[in-house]
Amino acid sequence: MRLQVFIKQLPLKHTFTIAHQSRDVQETLIVKLEDGGLFGLGESTTNPFYGMTVENMGAALEAARPVVEKGDWESPEQLWEMCKDIFARNPFAQCALDLAAWDLFTKKQGLKLYEYLKLDPATIPTTNFTIGIASTEKMVEKMKELDWPIYKIKLGTDHDMEIIRELRKHTDAIFRIDANCAWTADQAITYSSELQKLNVEFMEQPLGKDDMEGMKEVYQHSKLPVIADESCIVEADVEKCHGLFHGINVKLVKAGGITPGLRMLYKAKKLGMKTMVGCMTESSVGISAIAHIAPLLDYVDMDGAMLLSKDIATGVTIVPGRVTFPEGPGIGAKLLD
């Protein structure tokens, strides 16, 4: 068993701005596991909001190297448990390793990941395409660059409703809005009435991640469903969000990979909550992994590679209503030279 780590730069088509950060290039870390002539790939992007850098992710992976390379594990779930204390403060690094372990493991089984999980790719929901915060004119321009049936609109400005009203003039597509913790409860409740009339499907994380009292009000009085993102990072958060949100958006990078992500999704389903998985502007490595578990979801946000001006890998291809997987077992991603 051999563990390799690569640092890559992902150039974006446009400056990507949300309520608390902007970027033109997304740095990412790739894990490659090789064993018996086969390899598995995993990925985690960096994120200053969560304090995750290639340096601290790399250090965590080095700490896990002896456990990984000893090869004394039979499944990704077992490896995840063996390494959970090492990665206790760095789930991003654990995600990259976990994805690579699932890729390698399913290749050894001779199965695609979705086949191993007994999921039907025909049931994958259409991903949204994200429009980051910019001038309203620029947001309209970005929307017109790609005719898509569902747009996720990033908000968190002092003129959010004006943005949605203007964008609505240019498309009949479904809108989802993501305020990234930028609103108050009163704003979210008030905005929800008009957003409903403007064909907005749901509001994602309108309030600060710890504002549970505010979310009680929003949950009870909003005209739209609300989906948790920043409030639902790890497995223990799912039950905390029950009765405060109508659904959860699991980010594999934040959760620590597919292994805990699956547990979170199944727990949410058991509680009667809607399920979603979102991306963190990954390349086709991370996006391909998400696609394999997407049959479990009510909604999916796996447009990361679509936001890049240059991808570092090949993998799934996505068009409205259809996801095409590469030939062969595993996740199906390959790094480009």
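This is a predicted model: local features need pLDDT of at least 70, side-chain atom pairs count only at pLDDT 80 or more; totals for chains, interfaces and linings use all residues.
1. Helices and strands are taken here as DSSP runs numbered from the N terminus, a helix being a run of H or I with at least four residues and a strand a run of E with at least two.

2. Which residues does Q94 touch, once residues up to four places away in sequence are set aside? The contacts are W80, C83, K84, F87 and G256. Although Q94 and G257 stand 163 residues apart along the chain, their C-alpha atoms are separated by 6.5 Å.

3. Helix α2, which runs over residues 76–83, packs with helix α11, residues 258–270, at an angle of about 105 degrees, and the two axes are 9 Å apart. Angles from 65 to 115 degrees count as roughly perpendicular, and α2 and α11 are therefore described in that way. On the side of α2 the residues in contact are P76, E77, W80 and E81, and these meet T259, P260 and R263 in α11. Sorted by class, the contact of α2 with α11 is made up of three nonpolar, three charged and one polar residue.

4. Turning to charged pairs, a search of the whole structure finds 20 salt bridges. In one of them the side chains of K169 and E166 meet with 3.1 Å from N to O. How exposed are the two partners, K169 and E166? K169 is exposed, with a relative accessible area of 64%, whereas E166 is partly exposed at 25%.

5. A salt bridge also joins E201 and R176, whose closest N and O atoms are 2.7 Å apart. This pair links distant parts of the chain, since E201 belongs to strand β7 (residues 200–204) and R176 to strand β6 (residues 174–178), 25 residues apart. E201 counts as partly exposed, with 27% relative accessibility, while R176, at 3%, counts as buried.

6. K254 and D229 form a salt bridge through their side chains, with an N to O distance of 3.1 Å. Because K254 lies in helix α10 (residues 252–255) and D229 in the loop between β8 (226–228) and α9 (235–241), the pair ties together parts that are 25 residues apart in sequence. Elsewhere, salt bridges that share partners join K152, K154, D178, E204 and D301 into one network.

7. N199 is found in the loop between α7 (185–197) and β7, where it is partly exposed, with a relative accessible area of 36%. Q205, which is likewise a residue other than glycine, has a positive phi near 40 degrees. The place of Q205 is in the loop between β7 and α8 (212–221), and at 0% relative accessibility Q205 counts as buried.

8. M1 sits in the segment before β1 (2–18) and counts as partly exposed, at 25% relative accessibility. Leaving aside residues up to four places away in sequence, M1 touches L33, E34, D35, V68, E69, W73, L104 and K108. How far from M1 does V238 lie, in sequence and in space? The two are 237 residues apart in sequence, and their C-alpha atoms are 35 Å apart in space.

Note on methods: Residues are numbered from 1 along each chain as its sequence is written. Side-chain values use heavy atoms; hydrogens and water are left out. A salt bridge is a side-chain nitrogen of Lys or Arg within 4 Å of a carboxyl oxygen of Asp or Glu. Buried means under 20% relative accessible area, exposed over 50%, partly exposed in between (1.4 Å probe, protein chains only). Axes are lines fitted to C-alpha atoms, for helices over the stretch in contact, and angles run from 0 to 180 degrees between N-to-C directions. Angles under 35 degrees count as roughly parallel, over 145 as roughly antiparallel, 65 to 115 as roughly perpendicular and the rest as oblique. Contact means heavy atoms within 4.5 Å. Ala, Val, Leu, Ile, Met, Phe, Trp, Tyr, Cys and Pro count as nonpolar, Asp, Glu, Lys and Arg as charged, and the others, Gly among them, as polar.
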